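Subject: Structure for you to look at

Hello,

Here is the structure I said I would pass on. My notes follow below it.

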Amino acid sequence: MSSTSDRPLTPEDYWQLLVENLAPQRLGTEVVSLADSHGRTLADDAHATFSVPPFDNSAMDGFAVRGADFGDDAGHDDGPWEFAVVADIAAGHTPTARGDVEGTAREEVGQLPPAARIMTGAPMPAWADAVVPVEDTDAPRGASAAPRTVTVHRAPKPGANVRLAGEDIAAEDLVVSAGSVISARTASTLAAIGYGEVEVVTRPRVAVLATGAELAAPGEQLSPGMIPDSNSTLLALLVREAGGQAVLARTTGDTAADFGAALPTDVDLIVTSGGVSMGAFDPVKEYGLAHGWTFEKVAMQPGKPQGHGMAGSVPVIALPGNPVSVAVSFRLFVRPFIGRLLGQPDSLASTTRMARAGPAWRSSPGRRQYLPGALLPGGSTVRSSANENLVDEGSTHGDSTAGGSTDGDGYDVVVPVHRLGSGSHLAASLHAAQVLAVVDAEVTEVKPGDLVQIIPL
Ligand SMILES: Nc1nc2c(c(=O)[nH]1)N[C@H]1C(S)=C(S)[C@@H](COP(=O)(O)OP(=O)(O)OC[C@H]3O[C@@H](n4cnc5c(N)ncnc54)[C@H](O)[C@@H]3O)O[C@H]1N2
Ligand code: MOO
């Protein structure tokens with residue numbers, strides 16, 4: 001169901017409307033090597049193909065022994081005890097395929113109980129149940145031939161220094177769920193449970209279209225009235241951070257016809273910036289209204305005017321043009337949408353926690369504020385905004401005011417990245433933002449030390 005109304009929606013209601021209207025479906029899959037899997041989203045649950053560790057093995061360089069050979073009531077330091085070294089087991093060897101000194105050793109050492117020299121990670125002989133570290137014996141450390149006998153000075157506790165098969169993960173256990181984003185740690189876990197390649201969801205192809213006749217390419221000489229197009233870069237790289245690929249990042253002219261002509265058909269999503277409010281030259285809104293798109297006012301600041309619709313079979317999310325509005329709207333609506341295309345659980349994009357406000361700052365009445373903030377360790381003393389160069393207590397329209405300190409009670413401290421608070425045009429300060437601090441619509445002033453929700457960026 002599509003709707004375009006004057007009644008402001010909550011961000012949650014707008015997200016529901018957007019999902020209902022655009023109906024995001026998980027994309028197809030492809031198989032990639034673990035080395036290429038970083039940042040990709042796992043398509044299916046990954047179960048352990050074998051137990052980890054796959055076999056009982058030694059946790060120490062030393063000697064595998066039978067606990068019973070120390071005598072039932074042998075105290076820990078009641079030795080010495082002498083053993084015949086009947087085997088030499090390196091990691092990567094099996095106890096039966098070892099450089100075995102059994103036989104000759106037995107004849108030479110008479111009735112001594114057996115020990116096997118064993119290295120960390122090497123499989124335990126079936127008859128042994130504990131490992132004595134080499135430091136607790138008279139055997140040479142480091143590179144050396146296995147001795148024929150070994151004297152142990154300290155009896156091992158039962159099962160000491162043995163890592164049991166399956167004690168990490170049992171065979172067939174669910175280890176990594178479908179929808180997980182593969183980090184370096186995840187990829188190493190997948191390797192450990194038997195995978196060399198994995199099925200991942202295809203990266204969504206996302207076209208980025210920035211509208212505005214005032215836009216010049218980044219780095220280009222500016223003629224009067226022009227500004228650098230920072231949103232294309234922001235959106236293209238946010239798409240990449242979210243697991244998609246930006247296949248087109250360009251500006252379009254300022255007419256509805258230019259805009260319509262620039263809409264690609266061979267992508268999974270189009271994200272636009274600009275041209276959605278009340279201006280006389282708002283091409284996205286003009287084109288969208290003629291094509292059944294939805295435009296809403298959302299009770300949030302920044303990011304009030306929002307739109308979405310279908311361009312043929314391609315969903316379009318139309319964000320406002322102000323750069324901070326773009327960053328906030330992407331975090332709230334586009335990132336979770338890309339998450340849906342990737343089959344990620346919504347919870348991945350909705351993580352929040354609490355922090356204490358550093359300085360005081362103001363928030364517009366009736367709109368939930370999403371203030372770009374930097375985090376400082378709990379207990380930090382805060383003067384004002386995160387970037388001291390920007391502090392100007394005399395500002396007549398500053399949103400943040402001088403602050404104090406907070407007790408070190410375990411919460412980080414959140415500080416606006418700019419003295420103008422959540423001003424939606426503050427493009428040059430976005431780099432300092434680590435989080436968005438969320439302030440309820442009915443709150444107009446945040447005081448130092450107040451607890452606020454924060455969303456990691
Ligand atoms: N009469 C009203 N005017 C405005 C309203 C309103 O309700 N009534 N809402 C304001 C709010 S809130 C926002 S947000 C903006 C949204 O405007 P548009 O989406 O139409 O965006 P533009 O007008 O095209 O641009 C806004 C602003 O952002 C700059 N911009 C645009 N594109 C880029 C880019 N690619 N890179 C960097 N900066 C960009 C542009 O120059 C403008 O300064 O509308 C308010 N107005
Ligand atoms: O909603 Mo606009 O993004 O505040 O400036």
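Ligand 1 is surrounded by 24 residues, and the closest are Glu214, Asp229, Val276, Gly321 and Asn322. A residue belongs to this shell if one of its heavy atoms lies within 4 Å of the ligand. This is a predicted model, in which local features need pLDDT of at least 70 and side-chain atom pairs count only at pLDDT 80 or more, while totals for chains, interfaces and linings use all residues. Residues are numbered from 1 along each chain as its sequence is written, chains are lettered from A and ligands numbered from 1 in the order in which they are written, and side-chain values use heavy atoms, with hydrogens and water left out.

By class, the shell holds nine nonpolar residues, ten polar and five charged. Here Ala, Val, Leu, Ile, Met, Phe, Trp, Tyr, Cys and Pro count as nonpolar, Asp, Glu, Lys and Arg as charged, and the others, Gly among them, as polar. At least two shell residues come from each of β12 (205-211), β14 (227-228), α4 (230-241) and α7 (323-341); helices (H or I, at least four residues) and strands (E, at least two) are DSSP runs, numbered from the N terminus.

An oxygen atom of ligand 1 lies 3.1 Å from a side-chain N or O atom of lysine 304. For the side chain of aspartate 282, the distance from a ligand oxygen to an N or O atom is 3.2 Å. The protein covers 70% of the 870 Å² of accessible area that ligand 1 has on its own (Shrake-Rupley method, 1.4 Å probe).

On domains, the assignment, which is automatic or from a database, gives domain 1 (11-28 + 203-348), domain 2 (30-53 + 167-201), domain 3 (55-164) and domain 4 (353-456). The centres of domain 1 and domain 3, taken over C-alpha atoms, are 66 Å apart.

Two residues away from the ligand notes:

- Arginine 117 lies in strand β6 (residues 114-118) and is buried, at 12% relative accessible area (buried is under 20%, exposed over 50%, partly exposed in between, with a 1.4 Å probe and protein chains only). Its side chain makes a polar contact with the side chain of aspartate 88 at 2.8 Å (a pair of N or O atoms within 3.5 Å; within protein, one must be able to donate a hydrogen and the other to accept it, and residues adjacent in sequence count only if both atoms are side-chain atoms). The arginine 117 side chain also reaches the backbone oxygen of serine 144 at 2.9 Å.
- Glutamate 445, in strand β27 (residues 445-446), counts as partly exposed because its relative accessibility is 39%.

Regards
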